[in-house]
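Okay, thanks for coming, everyone. Have a look at the structure on the screen, and I'll talk you through a few things in it.

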Amino acid sequence: MISGIITNGINGVPKVPGDKSISHRSIIIPSISNGVCEINNILKSEDVLHTLSAFKTMGVKIEEYENKIIIQGKGLNSLSAPKNEMYLGNSGTSARLLTGLLSSQKFNSVLTGDKSLSSRPMKRISDPLSRMNAKIKTNNGFLPILIESSNLKPINFDLEIPSAQIKSGLLLAALNTKGETNITETKITRDHTEIMLESFGANIDIQKIDNKKLIKIIGQKELLSNNIDVPNDLSSSAFFIVSALINKNSNITLKNINNNPTRNGIILALKKMGANIKLINNRTSNNENVCDIEVSSSNLHGCELGPEFADLMIDEYPILSIAASFADSPSIFRGLKELRVKESDRLKLILLNLQNCGVNCKSENNDLFIYPKDNYHIKNNFIQTDFDHRIAMAFCVMGTKIGPLNIKDAKSIDTSFPTFIGEFNNIGGKIF
Ligand code: S3P
């Protein structure tokens, strides 16, 4: 796929799809609740469709009606044994959350994934689950995973790796486990699971003490379904936001965007860089913060972000690095270790591809340094993505300034944002 230079800015009101994290949870939690759930605006991307088909395989009735997904919940302990392995494609969220949930079910199951997912660490979820007495066999810490039926016991767990996927996997295991599980979080991770579990009536209590968050969950209480309106995805919006910022004569509005404070670091970081971004019509929907976002072309300045930003915006460093490449001074982004275990080694690919685009950058101890210039001379216009959707979309945005760039394996974009190319071209992008 080729991404070319744009000359007249990007303008309009692009449609951003439903939030990926909330969409996964909108299938998982209603499936194990009682009652019927109508979901509006769910993201129909490959990752989410893999979660959906896993629950269909486990006997949950899921139908589509007038653009809504209708789920007839089966209750905490009534999923059926899947006849085959469940293939989760590229989706780390499906893999970690399902490993937790399935550990507490009364049947055995096997989870598999594509090449990228099969190289991502699973011990981070299987180890704490084993402490709960789960019987999990991994392939040396990777997929495929075999989960055998077992009676779980509750644990007290300090979430040392700042990962909402680990936390959510444990919460889903604890939901169906007799007794009280306590999870202590010292670094912020996205809290969509807690928000949804609370509104579905789980016995969950959350307290903030000093800089820690304590989550207490008492298991085996049945959940009651609610309807869900999935807000649009801030992570997907970020590609349009940065394109508008770095291209002259741009003005865009993004509607109904999730602005959850555990996840909105990209807005804070870009504002720190001098971005013209306005959040308007702030409101809540299903206890999630939602707003509209207005963005216009800006003169960006470099900035230094400490590791606490990584907790609030881990998925946004590929696109933030593109913004930093067009600032008027250098940037340093610290504490990016977790970037190495995403859909690709994102730190490696950001460096490799920026350098091929002529950007002077380096990493030291997982800190990223970017030294922008006024003009870039492309050294190699092949963008290596290792089938990582966010690397592909970030370098499409790079292409708008210095293109043409040839983005390899761009099909990965379908894992999170299948309508990206059409929406981008509608507002002035040149992708073909
Ligand atoms: C996600 C959590 C994050 C994020 C991923 C989605 C989720 O991963 O990178 O894209 O839906 O819980 P970690 O929790 O492993 O950091």
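So, to start: where is the place of asparagine 41? Asparagine 41 is in the loop between strand S3 (36-40) and helix H2 (46-57); helices (H or I, at least four residues) and strands (E, at least two) are DSSP runs, numbered from the N terminus. Its phi is near 65°, a positive value in a residue other than glycine.

Quick housekeeping: this is a predicted model, where local features need pLDDT of at least 70, side-chain atom pairs count only at pLDDT 80 or more, and totals for chains, interfaces and linings use all residues. Residues are numbered from 1 along each chain as its sequence is written, and side-chain values use heavy atoms, with hydrogens and water left out.

Now the cis peptides. One runs from leucine 143 to proline 144, with omega near -5°, and proline 144 is found in strand S9 (residues 142-148). Glycine 403 and proline 404 are also joined by a cis peptide bond, omega about 0°. Proline 404 lies in the loop between helix H12 (389-402) and strand S23 (405-407).

On to the ligand. The shell around it (residues with a heavy atom within 4 Å) includes Arg25, Arg190 and Asp315. Helix H1 (20-31) and helix H5 (164-175) each supply at least two shell residues. And why does the ligand lie between the domains? Because domain 1 (2-18 + 231-426) and domain 2 (20-229) both give residues to the shell; the bounds come from an automatic or database domain assignment.

For polar contacts, meaning N or O pairs within 3.5 Å, a ligand oxygen is 2.7 Å from a side-chain N or O atom of serine 21. With threonine 93 the distance from a ligand oxygen to such a side-chain atom is 3.3 Å, and a polar side-chain atom of lysine 342 lies 2.7 Å from a ligand oxygen. The protein covers 95% of the 380 Å² of accessible area that the ligand has on its own, by the Shrake-Rupley method with a 1.4 Å probe.

Definitions and conventions:
Polar contact = N/O pair within 3.5 Å; in protein donor to acceptor, adjacent residues only side chain to side chain.
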